[in-house]
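My entries follow in the order in which I looked.

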Amino acid sequence: MRNFFLDREQRSRNAVRAIAACAALLLAALVGTVHAAAPAPLPTKLTLTHIAADKWRADYVFAEPITAVELGAQVGPYRKQAWRPLTPGVELVADDGSEAMRSASPLTELSVEISAYDDFDEGQYAPIDRFSDGGWDFYLGFLHGALTQDDRQRSMDVALHLQGLPGETVIAPAKPGTELTGYAYFGPQKPVRMGNVNVIIDPKAPAWLREVIDDTTTKVSQYYEQAFQRDLIDTPLISVAVVGFDGAPGTFNVKGGVAGGGITYRLQGAGLVDDHPKKRAYMARLVAHEMAHLWQVNLMRGGIGGDDAWVHEGGAEAIMLEAMRATGIFTAEASDQYAQELLKECDQLAGDVTVNRGLYACGFKRFHGYAMAPMPLWRAMMARSEGSGEFYSESMIQAILKQ
Ligand SMILES: [Zn+2]
């Protein structure tokens, strides 16, 4: 039932970026006398148009001719099944687990048609989440790639345009970053304000689920704003797609989390139908945990880096529990009980903060044990991270605790 997969994805992407940056620096140092710098990013206009109920067209316009878009890791059979290059001479090719769109001759315009796709792979973003009312969350990061020009590669400097069907609501991610991380929403709904965030909930969501999301989002987002003494820089969209009620009775799964400055959930399973206090508590914790990440990255610079993942995951658990107690969503007994569960889980993991569940349980245990309470500690971490640009880390925490 637990699936905090996007957290993991975000970390690994950050790590990859950090490694890539180091490699680029090293390369620049080695060839420094020959080439002054890496080639500048190539301005690229990318228009994603919703062209039919279950089809999109991505139109790339490059400032200079290119011969390939290197898309990176294969996303299961997604691109092979759902993508169809429309530009003559362009082929979608896969080698060694990587995919690319290659052209026989240099071109400045490239179009690809993309059809609805309902599967996803563990460890990767779900490409497209289908709402029950004809709405969609479309992951933009899979459109991003490196551009091949002659014998060199240039990164893509994207100007993104989204175009919906007539009358359709279209919402771009608040902070897609340079790699288009994040989901775009296309669909019939208008977002509803809850606290200080915007929310779209699938109309098929059962009443109990809607109630929990509404109540938790409203109260906890207001609590975070006041407790962190920080408004959100952007207004994030939290979108909740219910993709089906099939599967074993009593269970459901949630995929999703923070991406591109918003939160995207994809819920599925027969267990969504019936209300139960345990399900309510689980969803409330999840919503408050993911929203804690929104504030952790709500900085002009710094924030979550590639190392010490237990800091932001265990930190989000500690922040979440403070919020649940302060807002009255959990009684003091209920929040103590959950804290005890995490502490016990960490003991069973022998305190290991590197294994997946240890990030949460043992990360929480560390925050639980610090002399400073989670909210003032995180306020100090946010101020320090934004001030210096350094990422959250254990050494940052130790420096704050020593002051
Ligand atoms: Zn998390």
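I began with strand 1 and strand 2 (residues 55-73), which pair in the antiparallel sense over eight bridges; strands here are DSSP runs of E of at least two residues, numbered from the N terminus, and two strands count as paired if DSSP finds at least two bridges between them. Strand 1 and strand 2 form a hairpin with two residues between them, and in this pairing I found His50 opposite Trp56 in strand 2.

I then followed strand 1 (residues 42-52) to strand 10 (residues 156-163), where the pairing is parallel and runs over eight bridges. Here Leu48 stands opposite Leu162 in strand 10.

I note for the record that this is a predicted model, in which local features need pLDDT of at least 70 and side-chain atom pairs count only at pLDDT 80 or more, while totals for chains, interfaces and linings use all residues. Residues are numbered from 1 along each chain as its sequence is written, and side-chain values use heavy atoms, with hydrogens and water left out.

Next I looked up the salt bridges (a side-chain nitrogen of Lys or Arg within 4 Å of a carboxyl oxygen of Asp or Glu), and the count comes to 16. One of them joins Glu64 to Arg154, with the closest N and O atoms 2.9 Å apart. This pair links distant parts of the chain, since Glu64 lies in strand 2 and Arg154 in strand 9 (residues 152-154), 90 residues apart.

For the domains I used the assignment, automatic or from a database, which gives domain 1 (39-185), domain 2 (192-296) and domain 3 (309-402). The centres of domain 1 and domain 2, taken over C-alpha atoms, are 27 Å apart. Their contact (heavy atoms within 4.5 Å) takes 23 residues from domain 1 and 19 residues from domain 2.

How much area is buried between domain 1 and domain 2? I recorded about 1600 Å², of which carbon and sulfur atoms give 60%; this is the accessible area (1.4 Å probe) that the two parts lose on being put together, summed over both.

Between domain 1 and domain 2 I found one salt bridge. Arg266 also forms a salt bridge with Asp129, the closest N and O atoms being 2.6 Å apart. On the side of domain 1 that touches domain 2, the elements giving two or more residues are strand 6 (128-130) and strand 12 (183-187), and strand 6 gives the most, with three residues.

Note on methods
Helix = DSSP H or I, 4+ residues; strand = E, 2+ residues; numbered from the N terminus.
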